[in-house]
Amino acid sequence: KEAYARLVKPNVSLRLRIALPPKPVFGTTALETQARQVLTEISNAKHTFGVDIAWVPADKPADLHLMLQGNKLLLLPPSADLIEIGPQKIIDLNTSQAELREKLVSSIQAIANIISLLRMSQYSPHGPFSEQFSIKASVERAGKYLDFTGDKIRSLREGDVLTFNFKNSSDSAADVTVLFIDNEYSITAMYPAEKGENN
C-alpha cells in the first residue's frame, strides 16, 4: 500500500538564541565594563522579560549576536556581519546602567517579536489554504532573473528589482501584505504602500 505524510501542526520554536560579545583581548573602557556588567546581570537573571532566551558564547550560532565596539553595543543578525554603510541596530553605551539595561531589554523584546513572526511565516503555507494559494519571488539583476526558494535567502545588491507573484485559486478573497525588515529590526509595509490602497 502507498501512503504519504503531510505536516499538520508544525512545532515552531520561539526561543531566541543570543550570542554574548567576544571576550576582550586587551583592556576595556569604563563604558564597555558597564555594558558587560549589564549583560551579565540580564543573562544570569531568572526573569527573562517575556522572551525565551538561550544565551550562548560569541562563537556559537545565534539569532542575534552582540558586539561591543567603542562606545556602542551592536545587535547583529545571525551572520554576525557588520555593515559599515546602511542601517544597523545600535545602542549607545554613553548612558546610565539602568537606562542601558532598559534599552537592551526593550530591543531584545522587539527583535524577539520580529524573529518569531518570521519563523511562524515559514509555516503558514502548511495550513488548509496552502493548496489554493501560491507565492513566488524573484530578483532581476543585470537582465537575468533569479528565483528565491524557501530554504535560501539571496543577498541583494543596489539596483536589484524584486518581483512577487501571488496566486489565489480559491473562492475566497485574501488580503496580501508585503513587509520589509531591515538591519535595525524595523518593519516597513512595502505593499500596500499607501493608505487606502487595495491589497
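User: Where is V56 placed, and is V56 buried or exposed?

Analyst: A strand is a DSSP run of E with at least two residues, and a helix a run of H or I with at least four, each numbered from the N terminus. V56 belongs to strand 2 (residues 53-56). Buried means under 20% relative accessible area, exposed over 50%, and partly exposed in between (1.4 Å probe, protein chains only). With a relative accessible area of 8%, V56 is buried. This is a predicted model, in which local features need pLDDT of at least 70, side-chain atom pairs count only at pLDDT 80 or more, and totals for chains, interfaces and linings use all residues. Residues are numbered from 1 along each chain as its sequence is written, and side-chain values use heavy atoms, leaving out hydrogens and water.

User: Which residues is V56 in contact with, leaving aside neighbours within four places in sequence?

Analyst: Contact means heavy atoms within 4.5 Å. On that basis, V56 meets R17, I18, A19, L20, P61 and A62, with neighbours within four places in sequence left aside. P21 lies 35 residues from V56 in sequence and 9.7 Å away in space, C-alpha to C-alpha.

User: Which residues of helix 1 are buried, and how are they arranged?

Analyst: The arc is taken from the directions from the helix axis to the C-beta atoms. In helix 1, E32, Q34, A35, V38, L39, I42 and S43 are buried. Seen down the axis of helix 1, these buried residues fall within an arc of 165°, so they line one face of the helix. A30 and N44, on the other side of helix 1, are exposed.
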